[in-house]
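Colleague: Before I trust the labels on this one, can you walk me through how they were assigned?
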Amino acid sequence: MKAIPLSFEDLLAPKTELILEQRGDGRLWASNGGLATPVTVHRCFPWSAPTKYISLRNDDGDEVELVRDATALPQPARDALGDALVVAGFVLTINRVLEIEEEIEVRTWNVITDQGPRRFQTARDEWPRDLAGGGFIIKDVAGDLYHVADVQAMDTRSRKLLWPLVD
């Protein structure tokens, strides 16, 4: 019998299709032919290739799966992974919106986050981005990210200020 040479890439290839989904608990869950487990995402080097080599780790920090190329995943899995990557970066969670001032080219936000009060600006043409698992992300002019998990769970003033931007 003739041996078939395997490349390093062949050894890393998944044996079954990876299924990724955001569940009601807000976490990313992974299944690869077995039981689903909640995972966190960790980008591996090179950071210049953000869709390649993403480590999925369980709550103990053990790698469950290595995604070699997120663009090769089916669209639902790619969307769930993309949302998890956004949230895994440095993201501040907005709990209350105190004020949004509209100016010529920017919006100035006054908010309360988990880390305390913040004031930041977004470009007028930069809109909050919906996340597949619910909520949305706001990107400020400095590139920092702000997460709103559930607009309906916020106070009345916050909902009223956010309504024209997210509904």
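Predicted model: local features only at pLDDT ≥ 70, side-chain atom pairs only at ≥ 80, totals over all residues.

Modeller: Residues are numbered from 1 along each chain as its sequence is written, and side-chain values use heavy atoms, with hydrogens and water left out.

Colleague: Why is Ala30 called buried?

Modeller: Buried means under 20% relative accessible area, exposed over 50%, and partly exposed in between, with a 1.4 Å probe and protein chains only. Ala30 comes out at 4%, so buried is the label. Ala30 sits in strand E2, residues 28-31; strands (E, at least two residues) and helices (H or I, at least four) are DSSP runs, numbered from the N terminus.

Colleague: And what does Ala30 touch?

Modeller: Contact means heavy atoms within 4.5 Å. Leaving aside residues up to four places away in sequence, the partners of Ala30 include Leu18, Leu20, Val39 and Leu56.

Colleague: How do you know that the buried residues of H3 line one face of the helix?

Modeller: The buried ones in H3 (residues 156-166) are Ser158, Leu162 and Leu165. Seen down the helix axis they fall within an arc of 40°, so they line one face; the arc is that of the directions from the axis to the C-beta atoms. They pack against strands E6 (91-102), E7 (106-113) and E10 (136-139). Thr156, Lys160, Trp163 and Pro164 are exposed on the face turned away from the buried side.

Colleague: What makes Arg27 and Asp59 a salt bridge?

Modeller: The term needs a side-chain nitrogen of Lys or Arg within 4 Å of a carboxyl oxygen of Asp or Glu. For Arg27 and Asp59 the closest N and O atoms are 2.5 Å apart, and the pair counts as a salt bridge. Arg27 lies in the loop between E1 (19-22) and E2, and Asp59 in the loop between E4 (52-57) and E5 (63-69), so the pair ties together parts 32 residues apart in sequence.
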